[in-house]
Amino acid sequence: QAWKDLKSGKKKIAIGPRSAVFAPVQDLGIIILDEEHDSSYKQIDPAPRYHARESAIVRAKMNNAVIIMGSATPSMQSLHMATKEKCRLLELKERHADAKLPKVEIIDLKQYKGKAMKGEFAVPLFMAMEEALENDEQIILLYNRRGYASYLQCEDCGHIPESPESSVSLTFHKQKNLLMDHYTGYSRRKDTECENCGSPNLKVQGSGTQNIEEQLEDLFPDSKTIRFDRDSTSRKGAHEKILKKFGDGEADILVGTQLVAKGLDFPNVTVVGVVNADTELAFPSFQATERMYQLLSQVSGRSGRGKKPGTVFLQTKQPDNPALIFAKNHNHRGFAKQEMGFRKPLNYPPYSRLIKFELKSTKGHEVNMAAHALKKSAERVVPNIPVLGPSPAAIPWVN
């Protein structure tokens, strides 16, 4: 129905996710791409594979339309386009309604142990949360891991249960008492004994949003906590329901994954805490630092959006990481300059484009042989272009 209304000209504005870039809007005059840096604009599977940002630029050109790409943390590709004068950089120098940027504090977790920690929270963050709740202010906490804990581990032999359908460890979800593989959908009841040595001493290691929610209920029994992640928003309308509840002041603390970092506007939020800022760096990608910086900057922007000043706490074991320092100082220009400096000598994007060949087979040795053969062919066909790898995929096998 939406497609027909746009095609006929009955409706003139299309709002949607990445696929909206193909909406049959008549006499197209403008495309607005909000949060243009977001990785979800890229569709890898299933086909058609495309990047909505690149597609929007091409479509705007074909229709002689204007494209506006908005972001508080523009991607390296877009900034590079601006330096090449392929687009124009327009800057907003002030926050809406003259709101002040929040103060950002970096907490070195290596210095906080034992009594200096309240569950997953270092004392400075815990005290700031306590004060905010006493003043009837709200709190947003980011922890970019779903579930109750990262994994189970045998205390006797060290074995970590892995999924039989992929090469990842199983995540423990306490409420359902399940071990789950988030990549394939495989799940089973929590193991009662080690599948390797038979020991009953299985310990929960790490934590997830469910675990954080439980800790908050113990630490602040008089406060109401809501969890905002893929598990709590799987039902239709759940997103809206949770955010309305928080916006209406029916809850004091909103804890969630990266969903809480994007576009939320709650004037009564004065404290934002990132429980572990290092989770993004574990991803094997040359863009890992950029993604971490963007996530931290985005979530920092959720604090102090009203008249009350805001504070952001970044808990980390890498306090000297440049991305954290730049996020603390709200210095995107400085971060981009340094990041570009790292990428240029390696000829990584935006100074080049990468082509990724992914080989799949039910037999590992066949993939290995084919990958090496493909590398030799590529070097022969395009001798002037560097070929990286072959190397295992980030997740070596699934299903």
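Two strands pair if DSSP finds at least two bridges between them; helices (H or I, at least four residues) and strands (E, at least two) are DSSP runs, numbered from the N terminus. This is a predicted model, in which local features need pLDDT of at least 70 and side-chain atom pairs count only at pLDDT 80 or more, while totals for chains, interfaces and linings use all residues. Residues are numbered from 1 along each chain as its sequence is written, and side-chain values use heavy atoms, with hydrogens and water left out.

**View 1. Strand β16 and its pairing with β17 and β8.** β16 pairs with strand β17 (residues 311–316) in the parallel sense, over four bridges. Val-271 is opposite Thr-311 of β17. Strand β8 (residues 138–142) also pairs with β16 in the parallel sense, here over five bridges. Ile-139 has Val-271 of β16 as its bridge partner.

**View 2. Burial of strand β16.** Six of the six residues of β16 (residues 269–274) are buried, so the strand is largely enclosed by the rest of the structure. Buried means under 20% relative accessible area (1.4 Å probe, protein chains only).

View 3. A cavity is a set of points, on a 1 Å grid over the protein atoms alone, where a 1.4 Å probe fits but cannot get out; lining residues have an atom within 4 Å of a point. Grid points are joined across faces, edges and corners, and a volume is the space filled by probe spheres set on the points. The count is one cavity of 30 Å³ or more, and the largest cavity has a volume of about 50 Å³.

**View 4. Lining of the largest cavity.** The lining residues include Leu-142, Tyr-143, Val-274, Glu-280 and Met-292. Helix α7 (residues 288–300) supplies the largest share of the lining, three residues.

Note on methods
On a 1 Å grid over the protein atoms alone, a cavity is a set of points where a 1.4 Å probe fits but cannot get out, and a pocket is an open set with protein on both sides within 12 Å along at least five of seven lines; lining residues have an atom within 4 Å of a point. Buried means under 20% relative accessible area, exposed over 50%, partly exposed in between (1.4 Å probe, protein chains only).
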